[in-house]
Amino acid sequence: MMPANNLVVRGKQVVLPKSIAPASLHISNGVITAIESYDSVPTGCDLIESGEESLVMPGLVDTHVHINEPGRTEWEGFLSATRAAAAGGVTTLVDMPLNSIPPTTTVAGFREKLAAARGQCYVDVGFWAGLVPGNAAELAALNEAGVVGFKCFLIHSGVDEFPNVTENDLREALPELTRLGALLIVHAEVPGPINRTGILASPSLEATGPGSDRIIRPMVYQTFLASRPRAAEDEAVALMIKLSREFGTQVHIVHHSSGDALPLLREAKAAGVKITAETCPHYLTFAAEEIPDRATEFKCCPPIRERENREQLWSALGSGVIDMIVSDHSPCPTEMKLRDSGDFLRAWGGISSLQLRLPAVWTEASRRGYTVEDLARWLCSAPAKLVGVEGRKGRIAVDYDADLVIWNPEKQFIVDGAALQHRHPLTPYQDRILNGVVENTFLRGENIYDRGEFIAEPRGQLLKKTQNGPI
Ligand SMILES: [Zn+2]
């Protein structure tokens, strides 16, 4: 079946840009052509009803997803990742430039990415490129080729083929990014405060730390948390504010975790610095105090911090200091999580939650009095705006793509990692009860996920940013 013509999706609770109201969405050729009263259904249309309890919301946009194809497809590939996205109500995702081989740091690498993705995507997919030392000459061509922006690390990325940049590298690259009008997204931890802890220099399990006055216990979560202090993020955020101000570059802080840096971000935004920030479901759900020894499925960088820090992140979302919540879906083969030794210092850092973002965030947000409108902003419209597709995606409006998720906010389920579409089942959400069940996902008017069933063929588009429009 081609994208449905003359479809109506209607519900008693449709999440529109300014209200939640009964409405019928008239859809033709994959686009919303009219938003009418609930009873307005032309004859001869296919009709899909969301029912009394379920919401019709814009399809989610997830701008932080690591799909490791080509090169490390056994970690996660386009097929498995985009199935997980569809099952989680995500209709647009943006792939990160690292962990695949080659990384997306050259035009040739981008071409390999596109070739690997083509025909394998159940949802629409855009692409970040990387800013690494020595690829300044590629930036203009990558931008022209259609990447949505550039990612850099200020600290070792975890993979050697994607080296981090220093302040000097950034001083060379930022004028070019500003000239191109390109967005820079930043893994904001700097090495200084991390190195000063001495913990990561420890050679072996239970080794004696520097000064031999303490024992480092790598299977204790607190050891890992202490090895990635808030100061590493705070200094990195301060550096990026300074550079954005100096060069006029649009900067976005990815997976922000430190509550201590929030005043800096608040002041910078108030002063007109072109900076935005995201955080992730795991920083908003879990607390360091509750992470058991050896539970390396909770390891990610920057780390999940204390309960009190988590509540600061929630407040920052409420006040707009943090703009959005994205998954940072960062998978690896289960063995790399070193669950047997429980060594937090050596285990791969990364949490897979592409499919769980909606219920994970809703469960915690609703507990704190946040609304479905807040959710739609954090999960849909703000990330769409970040990557320049806000004219087509991220909201339910006339002339927008008919990307929709129908989900029941009242229904609960128990997470079973093995039942998720992610390639690897290990998850810190295992056995957790979450509120919010995704029932249907529509991509450009096509019902691509229907209560556990997928359409036969993946028909997602590869989104390319162009000079004169969103995609
Ligand atoms: Zn990431």
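Author: This is a predicted model, where local features need pLDDT of at least 70, side-chain atom pairs count only at pLDDT 80 or more, and totals for chains, interfaces and linings use all residues. Residues are numbered from 1 along each chain as its sequence is written.

Reader: At roughly what angle do α4 and α7 cross?

Author: Helix α4 (residues 167–180) and helix α7 (residues 230–247) cross at roughly 40°, and their axes come within 10 Å. Axes are lines fitted to C-alpha atoms, for helices over the stretch in contact, with angles from 0 to 180 degrees between N-to-C directions. Helices are DSSP runs (H or I, at least four residues), strands likewise (E, at least two), numbered from the N terminus.

Reader: New topic. How many residues are in the largest nonpolar core?

Author: It has 137 residues, and Leu184, Val186, Met240 and Val361 have the most contacts inside it. Helix α12 (residues 372–386) gives the most to this core, with 8 residues. A nonpolar core is a set of buried Ala, Val, Leu, Ile, Met, Phe, Trp, Tyr and Cys residues joined through C-beta atoms within 7 Å.

Reader: What is valine 186 in contact with?

Author: Cys152, Leu154, Met240, Val251, Ile253 and Val254, leaving aside neighbours within four places in sequence.

Reader: Where is alanine 136?

Author: In the loop between β9 (129–130) and α3 (139–145).

Reader: How exposed is alanine 136?

Author: Partly exposed, because 15 other C-beta atoms lie within 10 Å. Buried takes 20 or more, exposed 12 or fewer, and partly exposed is in between, with C-beta atoms placed from the backbone.

Reader: What does alanine 136 touch?

Author: Glu172, Ala173 and Glu176, not counting residues up to four places away in sequence. Isoleucine 304 is 168 residues from alanine 136 in sequence and 33 Å away in space, C-alpha to C-alpha.

Definitions and conventions:
Two residues are in contact if their C-beta atoms, placed from the backbone, lie within 7 Å.
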